[in-house]
Amino acid sequence: MHRRIIAPGALAAASLLLAIPASAASYSPGAPGIGDPYYPYYGNGGYDVSHYDLRLQYQPKTDELQGTTTILAKTTQDLSSFDLDFLLDVSEVRVNGAKAAFTHSQQHELVITPKTPLAKGTPITVVVRYSGVPSTKTAYGFNSWHRTPDGAVAADEPEAAWWWFPSNDHPSDKATYDVSVAVPDGTQAISNGTLQATSSKLGWTRYSWRQNKPQATYLATLAIGKFDITTGTSDGGVPVINAYSKDLGDNDGAARASVERTGEIVDWLSNYFGPYPFSTAGGYVPNTTTGYALETQTRVYYSPKQFAKGANASVVVHELAHQWYGDDVSLKGWKDIWINEGFATYAQWLWSEHEGEGTTQELADYVYASHPADDPFWTVKPGDPGPDKQFDAAVYDRGALAIQALRKAVGDDAFFAILKGWPQEHAYGNASVADFERYAEQVSGKPLASLFDTWLFQPSKPAAPAGGAASLAKASTKVAQPKSWKKIEAAHDGQEAAQEARGR
Ligand SMILES: [Zn+2]
């Protein structure tokens with residue numbers, strides 16, 4: 001992608017270029033997208049971020065957010081300019097200390113032109129000063145900043161960052177975070193990781209959070225409001241920090257009865273997935289009107305509606321399973337969503353069996369039998385569902401069914417070795433569905449291409465069930481709904497609604 005301008009007729013103009021190093025002609029703009037075919041403008045080309053430092057102030061009354069984000073990155077090509085993804089109003093950008101030119105373009109691109117071009121492999125520090133009212137900013141016609149009566153929340157998938165910090169917004173560029181937010185006294189600011197410090201001055205309290213392990217941009221979260229914060233430590237030694245809006249009304253008890261089990265569930269999941277990968281665990285329940293939950297790293301986001309029908313430990317299992325499958329090992333591209341959702345759903349199946357509310361096989365049989373061959377459910381390919389079907393029920397339910405099929409094909413010993421080995425194999429990194437296939441073949445010693453093709457990539461109902469009785473293949477066979485089913489489904493019902501709200 002290097003643009004060389006070598007035009008002999010332009011020699012006269014060459015004198016105008018004398019201020020630019022001779023090699024500068026090979027410098028080109030970084031791509032406005034990182035190369036994800038599902039979302040062509042998400043993320044950016046030409047650099048790799050290692051750390052985000054956010055120092056912000058937020059006024060809940062007016063939804064005004066202001067502050068500075070400092071980004072540490074390294075260039076991966078010769079750059080004349082590069083993009084960040086961001087929607088708020090920028091007042092100044094500096095690159096390596098020098099003021100840089102900037103302009104907004106496309107739906108959410110902030111195009112930055114540094115004073116001098118940047119050679120490949122250069123460490124860069126980008127400082128962006130900004131302010132704005134996030135609830136007034138839209139891209140593609142939607143807004144992911146959720147206002148609440150006493151504040152706001154940033155927690156959404158696949159995009160939430162544009163409304164509160166400039167970033168390379170794609171899960172393939174993970175980084176560590178320091179998030180420091182000043183809010184009026186009496187209000188709290190919740191984010192990922194550990195609370196490093198709080199300080200109060202002139203009516204404002206500053207909360208400083210640190211995520212010391214790599215984190216995808218969509219897993220960074222911020223909640224501002226009046227919260228009750230609880231702390232503890234799991235039997236396995238994992239510190240837990242949870243937060244509940246003081247405004248949860250009748251959902252308060254069920255929310256606490258679910259999320260307060262975080263430590264217990266983290267320890268239980270560690271038996272299957274290996275040691276918990278982060279410095280803290282926890283969740284928060286703000287007073288939003290949204291309906292979904294999201295695996296925001298170390299501090300899971302739960303909508304109060306998740307608990308409107310009573311406590312649901314199953315959704316807590318789902319989101320905490322993501323801490324290994326999704327957060328520790330993140331997807332390479334959004335087409336790899338099965339790596340996240342198939343496994344988080346399968347963790348719910350394991351929990352169901354643990355609770356005596358239906359075995360994994362009963363759940364697999366139920367999913368298989370309850371969708372006839374002509375059900376559009378089977379046209380969704382969990383291994384590459386397309387952006388419109390990325391959060392379709394089939395990605396979750398057929399996705400978990402594929403995992404049961406794998407288990408039956410390789411046997412329990414190999415299966416549980418794969419389940420536990422995968423987070424170690426790609427710790428704090430990124431991986432694709434193809435990487436998982438290779439890993440499962442390597443650990444089990446079995447050829448699995450045809451199995452994965454059948455369960456993840458064919459737009460049709462597999463002829464034989466995943467380990468269940470052959471009679472399941474008959475259209476007339478009915479399977480009783482396992483007791484755990486409705487709570488399992490609740491974990492992704494809200495996510496589908498959220499995607500529909502965006503017009504997907
Ligand atoms: Zn999920």
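Ala154 is found in strand 11 (residues 151-154), where strands are DSSP runs of E with at least two residues, helices are DSSP runs of H or I with at least four, and both are numbered from the N terminus. With 24 C-beta neighbours inside 10 Å, Ala154 counts as buried; a residue is buried if 20 or more other C-beta atoms lie within 10 Å of its own, exposed if 12 or fewer, and partly exposed in between, with C-beta atoms placed from the backbone. The structure is a predicted model, in which local features need pLDDT of at least 70, side-chain atom pairs count only at pLDDT 80 or more, and totals for chains, interfaces and linings use all residues. Residues are numbered from 1 along each chain as its sequence is written.

**Buried residues in strands**

- Leaving aside neighbours within four places in sequence, Ala154 is in contact with Trp145, Ala160, Trp163, Trp164, Thr221 and Leu222; contact means that the two C-beta atoms, placed from the backbone, lie within 7 Å.
- Ala154 and Ile224 are 70 residues apart in sequence, and their C-alpha atoms are 9.1 Å apart in space.
- Tyr52 belongs to strand 2 (residues 47-59) and is buried, with 24 other C-beta atoms within 10 Å.
- The contacts of Tyr52, apart from neighbours within four places in sequence, are Thr69, Ile71, Phe165, Ser167, Ala175 and Tyr177.
- Not counting residues up to four places away in sequence, Tyr284 touches Ile190, Ala223, Phe227, Asn242, Ala243, Arg299 and Tyr301.
- Thr296 is 12 residues from Tyr284 along the chain, and their C-alpha atoms are separated by 9.9 Å.

**Backbone features in loops**

- Most residues other than glycine have a negative phi, and most peptide bonds are trans.
- Gln106, although not a glycine, has a positive phi of about 50°; this residue lies in the loop between strand 7 (101-105) and strand 8 (109-113).
- Gln106 is partly exposed, with 14 other C-beta atoms within 10 Å.
- Tyr140 is not a glycine either, yet has a positive phi of about 50°; the loop that holds Tyr140 runs between strand 9 (123-132) and strand 10 (145-148).
- Tyr140 counts as partly exposed, with 13 C-beta neighbours inside 10 Å.
- Glu157 and Pro158 are joined by a cis peptide bond, with omega of about 5°.
- Pro158 is found in the loop between strand 11 and strand 12 (175-184).

**Helices and their packing**

- In helix 2 (residues 252-259), the residues Ala255, Ser258 and Val259 are buried.
- These residues cover an arc of only 85° around the axis, which puts them on the same side of helix 2; the arc is that of the directions from the helix axis to the C-beta atoms.
- The buried residues of helix 2 are covered by elements including strand 18 (239-245), helix 3 (262-273), strand 19, strand 21 (300-302) and helix 4 (313-321).
- Helix 10 (residues 449-457) has Leu451, Phe452, Trp455 and Leu456 as its buried residues.
- Seen down the axis of helix 10, the buried residues fall within an arc of 95°, so they line one face of the helix.
- Ala449 and Ser450 are exposed on the other side of helix 10.
- Helix 5 (338-354), helix 7 (393-410) and helix 9 (433-444) are the elements against which the buried residues of helix 10 pack.
- Thr360, Ala364, Val367 and Tyr368 in helix 6 meet Asp397, Leu401 and Gln404 in helix 7.

**Regions listed by UniProt**

- An unreviewed UniProt entry lists residues 50-219 as "domain: Aminopeptidase N-like N-terminal"; UniProt positions are given in the numbering used here, feature names are shortened, and annotations may be inferred rather than shown by experiment.
- The span 50-219 is 0% helix and 58% strand, and its end C-alpha atoms lie 15 Å apart.
- For residues 309-455, UniProt lists "domain: Peptidase M1 membrane alanine aminopeptidase" (unreviewed entry).
- The span 309-455 is 60% helix and 3% strand, with end C-alpha atoms 33 Å apart.
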